[in-house]
Amino acid sequence: MNAPTALTEADFEPSPSTHRAEQLSRPSLSYWQDAWRRLKNNTRAIISLYLIMALAFFTIIGPLLWTQDPAAQDLDQISQAPALPKTARLVADYVPWQVPISAEHPAEPDDYPDRLDPVTDFRTSGIATTQSVRLTWSPVNEAGGYSIYRSETRPDGLMGLGLPLETVSGGNILGFEDRLNLKSQSYFYSIVPTDGFDEFDVVTTIQVNPEQSITQSQAILQGLATPEDLPGQAITLAFHPFGTDYLGRDILARLMQGAQVSLFIGVVAPLIYVLFGVFYGGFAGYLGGKVDQLMMRFADFVVALPFLLFMILFKIAFGIGPGESGVMPMLVALILLLWPGTARLVRGQVLKIREQGYIEAARLLGGNSSYLILRHIIPNTMGVILVTLTFAVPSAIFTEAFLSFIGMGVAPPTPSWGSMCNEGVKTMLSHPHELFFPALFISITVLAFNLLGDGLTEALDSKMRSRDL
Amino acid sequence: MLRYTLGRLLSGILTVWFIATATFLAMHAVPGDPLMNEKATTPEIRQNLAKKYGLDRPIPEQYIIFLGNMLQGDFGLSFTQQNRKVNDIIRDHFPVSAALGILAITFAAAGGILWGALTALYRNRLPDIIIMFLVILGISVPSFVFAALGQMLLVNINQWFGTSVLPVAGWGSLAHMLMPSLVLGLGTMALLTRLMRSSMLEVVNEDYIKTAKAKGLSSQRIFFKHQLRNAILPVVTVLGPQIAAITTGGFVVELVFAIPGLGRYFVQAVQQLDYTVIMGTTVFYGAFLVLMVIIVDIIYGFIDPRVRLK
Amino acid sequence: MIQASHWYGLNMPQRLLLLLCMLFAWSEGMAQSVDAASGTVKIAIAQEPPQLNSMKATDQVSIFVLGHVMEGLTRYDRRGNLAPGVAERWELGDTTAKFWLRKDAKWSNGDPVTAHDFVFAWRSVVDPNTASEYAFILYPVKNAEAINQGNMPVTALGIEAIDDHTLTVTLERPTGYFIKLTAFVTTFPVQEKFYQARTEQYAADAKDMLYNGAFTLDSWVHSASMEMRKNPLYWDAEAIKLNAIDADYITADTRARLNLFIDDKIAYTQLDGETYKDALNNQFRIKKFVTGSVYFLEYNYRDNRITRNKNLRAAIQAAFDPEEFVNKVLQTPGNLPGRSLFPTWIQGVEKTFREEYPPPEVKPDLTRARALLTSAKQELGLEEIPPLILLVSDSPTATKQAEYMQGMLKTRLGLDLKIDVQTFKQRLAKMTSGEFDIVGAGWGPDFDDIMTFGDLFASWNLNNRGRYVNPEYDRLVRVAMNSSDPKTRMDAMSGLQSILIEDAVMLPMYEQGVIYLQHPKLKGMRRTVIGSDPDFTYARIAP
């Protein structure tokens, strides 16, 4: 070989670049940086983030601001619709009432009468309060008893007399006391004379508006009054902005406390099991063949197990005692039992995607399996993953409620949104607020995750980049 | 293909066997005496009942007996529905649930695909937003609400006519099935709507759609021939297990609409610890599920030739 | 089908919709809940009867159906009084009873109902191999208990068929209420020949039963419908006005049943606290009825349970206000505040037991309750009472009531309750093994005598879940059991009523009342505390 021409250092200097096209005009962004950047520009994603922050605030800060005890029962305001604070008259503690009995009128008629006159002089005795309404009347000749009804609307003839409160047997009994869940609203009391067996078709109706009241001992127990306060005084009752439930418990306070359980179960469980399902399904679909078969058969196995039976087992395995919170075993059970749905869905998508050109290309370029799955396959199934995630949230919330109902979840009186909903369903026509508020909060949570999901899908999907920019 | 299907069936049978075994063990591990009732009975009576149902034998022996009977397709007598064979329970009530479920799935699939495609086409515009809100509403209240509201709607319709136009509850004709199946399918419809939307959006930017556009295909043709067909895979995936779940588990709907389906037996069996019914229904459900999954896997290949399972 | 006149009353869109609906071939549903012309009444039942074998039936639905399709030696008439059934007349001695059976009583296959059918049924009931949960109903019969425990052959049972139409029964001890037992489902006859031909399959289906009651079960579609038809062979068929009772709907959902009632598809439905307001809005006439069941809390008296402490129990008793509970928590009219283990309807010597022997009065008194609690803590040597476990079933009402107790005891006494909600079988397991401090319980009468409640806390009673043992209580139960003198019996029962309340053995919560709707044209439907409720046997439809 000839001796080479001597090269100097200068010969290795790159010649000055003349191609400006090769220069990166923008900062280099990784996939996730890019996604984050686009997420920030997505209005809906931003709204959802605000919503999630608001929910977190409601759950964590809320109980510090609204300090009513979520378990306290305000029996003077049962199933109260949302309203401004109410004032009530302080009344002495209840003393049983001696029902007036006529001395001269016979208890039973001598004979079964053909007709009876309507009851006269039907009126209230004393002040009608929400503690008690005392009714008296004059005896009806030949009557063997009286039936008293109560309605919230004016009865039309003989139908719609309302609730059958009592049938007193004895024509000489001339009074009745109603204490059945009285509210400060109009009631129509009707009285029908009987011959001791059958009611006669003559009705006397009066309208009564019981005054909102609270007994002294109740007011003192609730800290609304002191022993010095005298009956007759006006007292402001506990304020329930969202109303109360069937035991007079404050719905706002219960929603705040319930959020802790519902959001924990509703967010954590789906996040974990969807994530697990994604990887499980991703690998099964990518690897295919025998491994796929084995993995998916295991998924089928898990789906077919009777959910309730295994829940009971989990609770026992965790050693949860009676009346203690079973949130942790429930979380574990949800994660262990509910992942296969996502896994199957992701696997289905992966089966399709792995045959696509860009996967083949990436593989030829030497990408290993984990890289391909994480970098190329899963991001491309993000759409369906996020959909399953957003559906998993309410389903976890309601599963929690069902399990709590049969004693597998949180112990009473701890509320959760799901169980408040289930309770509210029963009275959804008469007290719609008991269903509305918990359902509203579940809806907001689901909405937040849906919007976030949509935002993320758009941010993560490389094919949509062109649209947004 | 045949070999593949046979292989799948074989592995399916194994899966069902595992399901049966796990359930059998779990069932016996759960505390509670299946023979105990609200009114306390003497030990003698309990013993006789145990003998009748073979519960006086050791558990491994019970398991062997159970397996033997299962292979002959016999699940024994129910504990709570005394004198009724579990086989008869499934035979009598599954067709009801299946009829209801098929109609529900039809509603759900038709609605889901339609709404999903619609929302994808009108992405971020009014129809999309309205449907999203409906979906959210639909999955944020307990299914019981829709069952109750649906039934009240029927009552109101009948009152409007002044005669019974549609049955409020009960079983017997197609008219009885309309509202219950609609209610039953709502959840699945909501899921399919969102799935369809997201998968349509993924497809919409694919090169082949651009190609189709470029070569001048009409938008309807692109929609049906390319977009829909390519986007439907996740819907099919979900449908398999959903069919199995819906056709066996419409407990709430069955309760509200007084429908003699299998759902109530599923729920009651576990609560009553009715061993034979638990085993019968679980094995039946497991087998059904496995079958649906196999069918879905086979359908994959037809819908999307790119999917290769072997 | 749609009547022509109705058709013309509709406007065009209504007609079109109606036509559309007719495409679905739904016509039988057009029938109304009551039909005077055909004598049909339509109802809904809460659940599928687990079985219709009269010897083993225990649940309400089975007893309801059996009460209409079968008949015992005696029955209840339209006024609710005991009346002749298969037996034309009877004589009750001190320890014997003799029944003369009517010759025209027939099975639905035409065979006469004979004394042998009773002998077979009663022997089967107490046979331990039958494993009937209600075998104890027949314990007043000689040797029944010993046979049921496997110590004697079934042939030793004190029942004998003198001939086809004469039946004698030997009793274990004087039992004044024995005749009333013969109206109960468990004592109904069963034809041996028919039973042996079916064995396991007996009463599993409509065709697998024989009927001797006012109705026969015409069809039984599991979980869907049960249709009863008037039995032409029934000896008193003339008195039966209804031709058909069709239970076309089986659902436990009260709102669904209310909707069916509004739609005029069923003629009777029970309401609850959640649905009654909807019924009110529809302007229905609501009726009420006391079911005869009492609900109470039982305490655990097993060793080392703090609920053994009388003052602790008395403190809970003094803090609890049954009136508040009934008015604010149950919220429906008809329920009575719990004052005793014995419900108000139980008969005493001449009037009702409660009128003759009022239970000791317990006034809710917070000051007294707190004082009692303080002494309980001293006696137990505890600073604080540890949380008490209240075991309840997973029913909405039970949980709600438990939550009330929890809140009430917390605010009034500072006592902590832990509510242990359990599904059916798990709750029973815990009740039997004693894993609770307090357990919610309800008791409905099995037969029409005070003893159906009285022996509940006897030390030998298996339903005494808290294992309460008090020799004096046991003695009083024995006194009442071995006497046929009403006064002696009621005195003894009054004694144990005092023990129950004064020692706060249990906490009576309420006596159950229900409200229900009934079609205004449906007359003579009898609500009853014992047996088949509601009883449609003598019901009729006003035109």
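Biologist: How many residues does the contact take from chain C and how many from chain B?

Modeller: Two residues are in contact if their C-beta atoms, placed from the backbone, lie within 7 Å. By that rule, chain C gives 52 residues and chain B gives 48 residues. This is a predicted model, in which local features need pLDDT of at least 70 and side-chain atom pairs count only at pLDDT 80 or more, while totals for chains, interfaces and linings use all residues. Residues are numbered from 1 along each chain as its sequence is written, and chains are lettered from A and ligands numbered from 1 in the order in which they are written.

Biologist: Which elements give two or more residues to the side of chain C that touches chain B?

Modeller: Helices (H or I, at least four residues) and strands (E, at least two) are DSSP runs, numbered from the N terminus. On the chain C side, the elements are helix H2 (12-22), strand E11 (244-250), helix H8 (254-262) and helix H15 (424-433). H15(C) supplies the largest share, 6 residues.

Biologist: What is that side made of, by class?

Modeller: Ala, Val, Leu, Ile, Met, Phe, Trp, Tyr, Cys and Pro count as nonpolar, Asp, Glu, Lys and Arg as charged, and the others, Gly among them, as polar. The side of chain C that touches chain B has 26 nonpolar, 18 polar and 8 charged residues.

Biologist: What does the domain assignment of chain C give?

Modeller: The bounds come from an automatic or database assignment. For chain C, domain 1 covers 60-233 + 519-541, and domain 2 covers 292-512. Their C-alpha centres lie 33 Å apart. Domain 1 of chain C puts 11 residues into the contact and domain 2 of chain C puts in 12 residues. On the domain 1 side, these divide into 7 nonpolar, 1 polar and 3 charged.

Biologist: How is chain A divided, and where do its domain centres lie?

Modeller: Chain A has domain 1 (47-69 + 247-468) and domain 2 (87-236). The C-alpha centres of these two domains of chain A lie 53 Å apart. The C-alpha trace of chain A spans about 150 × 50 × 45 Å along its principal axes, and the chain has 15 helices and 10 strands.

Biologist: What is the secondary structure of chain B?

Modeller: Chain B comes to 13 helices and 0 strands. Its C-alpha atoms fill a box of roughly 85 × 60 × 30 Å along the principal axes.

Biologist: What share of chain B is buried?

Modeller: A residue is buried if 20 or more other C-beta atoms, placed from the backbone, lie within 10 Å of its own, exposed if 12 or fewer, and partly exposed in between. Buried residues make up 52% of the 310 residues in chain B. In chain A they make up 47% of 469 residues.

Biologist: How far apart are the end C-alpha atoms of helix H1 of chain B?

Modeller: The expected span of a helix is 1.5 Å times one less than its number of residues. H1(B), residues 2-29, has 28 residues and should therefore span 40 Å; its end C-alpha atoms are 41 Å apart, which agrees.

Biologist: What do the buried residues of H1(B) pack against?

Modeller: The buried residues of H1(B) include Val16(B), Ile19(B), Phe24(B) and Met27(B), with Arg8(B) also among them. They pack against helix H6 (289-304) and helix H7 (307-317) of chain A, and against helix H3 (59-71) and helix H13 (275-303) of chain B.

Biologist: In what sense do strands E9 and E10 of chain C pair?

Modeller: Strands of a sheet pair through backbone hydrogen bonds, either parallel or antiparallel. Two strands count as paired if DSSP finds at least two bridges between them. E9(C), residues 215-221, and E10(C), residues 225-230, are antiparallel over 6 bridges. Trp220(C) stands opposite Met226(C) in E10(C). The hairpin has 3 residues between the strands, and in it Ser223(C) takes a positive phi near 65°.

Biologist: Which strands pair with E17 of chain C, parallel or antiparallel?

Modeller: Strand E13(C), residues 286-299, pairs with E17(C), residues 438-443, in the antiparallel sense over 6 bridges. Trp443(C) in E17(C) is the bridge partner of Val294(C). Strand E15(C), residues 388-393, runs parallel to E17(C), joined by 2 bridges. There, Leu390(C) has Ile438(C) as its bridge partner.

Biologist: Which strands are the edges of the open sheet in chain A?

Modeller: The sheet has 3 strands in the order E2-E3-E6, with antiparallel pairing. Its edge strands are E2(A), 123-124, and E6(A), 175-178, each pairing on one side only. E3(A), residues 133-136, pairs with E6(A) over 4 bridges, and Val133(A) has Asp178(A) as its bridge partner.
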